[in-house]
Amino acid sequence: MMQDNMAFFEEQGIYFPPAGRVWNGGHHNIAWELNGDEGFDPHLGTLADLERELGASRFPDAIVSSEDFEFWYDEPAKLQKIANMAARLDMKVDVILVIRPVRDYVESLFKELLKHGLEQSREEFVAQLLRDGHYEFRERTYRFDYPAMVQGFQSIFGRDNVWVVQYTTSRSLARRWR
């Protein structure tokens, strides 16, 4: 969506930097770099490249987006790297967390992991998730504790700088999580 609407965002003074973006337009390579993910490719742009681009930008605001940032909420050192970068650039960070109903997220995750080699049945997948409270797959741990996620981001960026958008297939509602 961001990539398809770059001209609109630029007209609003919002920069969507190229550093770290991958084939689908998200800044996943930045997340993969900090996550130590095997998919990280330094040729697609690093956190240092992103900082240089943001520092040279003529735009007052920027959006950096990746679903893989979700893994950082219980890893304050990774969030602090983003906060430190923003401080060096004299930029304010507003975090927008898009969450979906857990049932929808579980179903979506199951289908996505099947594409990446998951061999469990839906029933086994859900049973393991319910038993453990999270799901580990390869180098990632998927958690479904939204209050903890919000609190993790708030601990670094501040309560007033974290927004939650509740996503459903029919509508989305943005509000502060209190």
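Modeller: Helix H7 runs over residues 146–157, twelve in number, and spans 16 Å from first to last C-alpha, close to the 16 Å expected at 1.5 Å a residue (the expected span is 1.5 Å times one less than the number of residues). Helices here are DSSP runs of H or I with at least four residues, strands are E runs of at least two, and both are numbered from the N terminus. This is a predicted model, where local features need pLDDT of at least 70, side-chain atom pairs count only at pLDDT 80 or more, and totals for chains, interfaces and linings use all residues. Residues are numbered from 1 along each chain as its sequence is written, and side-chain values use heavy atoms, leaving out hydrogens and water.

Within H7, the buried residues are Tyr 146, Met 149, Val 150, Gly 152, Phe 153, Gln 154 and Phe 157 (buried means under 20% relative accessible area, with a 1.4 Å probe and protein chains only). Their cover includes helices H4 (76–88) and H5 (102–115) along with strands E3 (95–99) and E6 (162–167). After H7 comes Gly 158, with a positive phi near 95°.

Stepping back, the protein chain holds seven helices and seven strands, in the order α-β-α-α-β-α-β-α-α-β-β-α-β-β. Of its 178 residues, 40% are buried. Contacts (heavy atoms within 4.5 Å) with a separation of 6 or more come 57% from residues 24 or more positions apart. The C-alpha atoms fill a box of roughly 50 × 40 × 30 Å along the principal axes.

Methods
Buried means under 20% relative accessible area, exposed over 50%, partly exposed in between (1.4 Å probe, protein chains only).
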